[in-house]
Amino acid sequence: MKSSFGSDNSFRELGRIPRSQKQKQESLKKILRSIEEKPERKKAIFPRFLSAAAVMAACVMFAFIIFSEDSMTRGSSSSEMLGNSFISQTTIAISETEKSFSADGKYSAEIATVKDPKWENTARNAINSAIPSETVIDAKPTYDIQFNLKGKEPVKMKVWNEQGEVYFKLIDSEEIYSVPAAEGSIFIEYIEAIAQSIQNTP
């Protein structure tokens with residue numbers, strides 16, 4: 001009430017100042033215009049602020065989703081190597097060097113050809129369960145393996161058996177994968193049995 005009363009006194013004092021009717025009308029218009037413009041300014045600033053906040057929130061959420069998806073899929077990316085493709089044949093050879101590849105599918109006394117559902121299931125389980133590893137391996141690979149897939153390019157990989165730990169990498173990649181102990185022990189047991197048959201071949 002005090003502010004309203006004070007405003008009334010101010011207007012009364014303004015009314016005592018000698019001014020023309022035109023000046024009074026212009027002053028009144030300015031006052032009314034300023035009153036009308038204030039809410040519009042507030043409305044303009046508020047939505048603009050909200051829009052900026054919404055854009056920022058959307059960017060943060062997008063980055064979070066991408067990061068989460070990357071984190072979740074990183075460990076299972078090895079499952080894309082074979083996928084659900086039909087394995088028509090597997091060739092296994094004892095690796096000579098890290099750069100060369102021995103199991104190219106050509107007939108040789110030093111290459112074993114495998115067509116066995118149990119082996120295929122074992123190999124698929126081992127590869128699908130593998131996760132990327134930061135391990136640095138100085139030793140040369142133990143085995144070269146080529147999976148011939150129906151309707152797709154062959155998958156070629158190098159395999160290491162380092163004191164019971166099984167690792168592999170694709171021939172055209174530097175990323176090394178680690179196979180969990182349970183799947184890795186069965187996987188390497190199969191490979192070693194096949195490799196033994198290669199070495200025993202006259």
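This is a predicted model: local features need pLDDT of at least 70, side-chain atom pairs count only at pLDDT 80 or more; totals for chains, interfaces and linings use all residues.
In strand β2, Ala112 is the bridge partner of Ile92, and the strand that pairs with β2 here is β1, residues 87-94, which runs antiparallel to it over four bridges. Residues are numbered from 1 along each chain as its sequence is written, and side-chain values use heavy atoms, with hydrogens and water left out.

Now to the sheet as a whole. This open sheet has seven strands in the order β2-β1-β4-β5-β6-β7-β3, with antiparallel pairing. At its edges stand β2, residues 111-114, and β3, residues 131-133, each with a single partner strand, so one side of each has no neighbour in the sheet.

Let me turn to the aromatic rings. The whole structure holds four aromatic pairs, where rings of Phe, Tyr and Trp (its six-membered ring) pair if their centres lie within 6.5 Å, and planes under 30 degrees apart count as stacked, over 60 as edge-to-face and the rest as tilted. In one of them, Trp119 and Phe147 have ring centres 6.4 Å apart and planes at 5°, so this pair is stacked. Because Trp119 lies in helix α4, residues 117-129, and Phe147 in strand β4, residues 143-149, the pair ties together parts that are 28 residues apart in sequence. Trp119 and Phe147 are both buried, buried meaning under 20% relative accessible area, exposed over 50%, and partly exposed in between, with a 1.4 Å probe and protein chains only.

What is the geometry of the rings of Trp119 and Tyr190? Their centres are 5.9 Å apart and their planes at 55°, so the pair is tilted. Since Tyr190 lies in helix α5 and Trp119 in helix α4, this contact ties together parts 71 residues apart in sequence.

How accessible are Trp119 and Tyr190? Trp119 has a relative accessible area of 0%, whereas Tyr190, at 25%, counts as partly exposed. Ring pairs link Trp119, Phe147, Phe187 and Tyr190 into a cluster.

Conventions. Two strands pair if DSSP finds at least two bridges between them. Helices (H or I, at least four residues) and strands (E, at least two) are DSSP runs, numbered from the N terminus.
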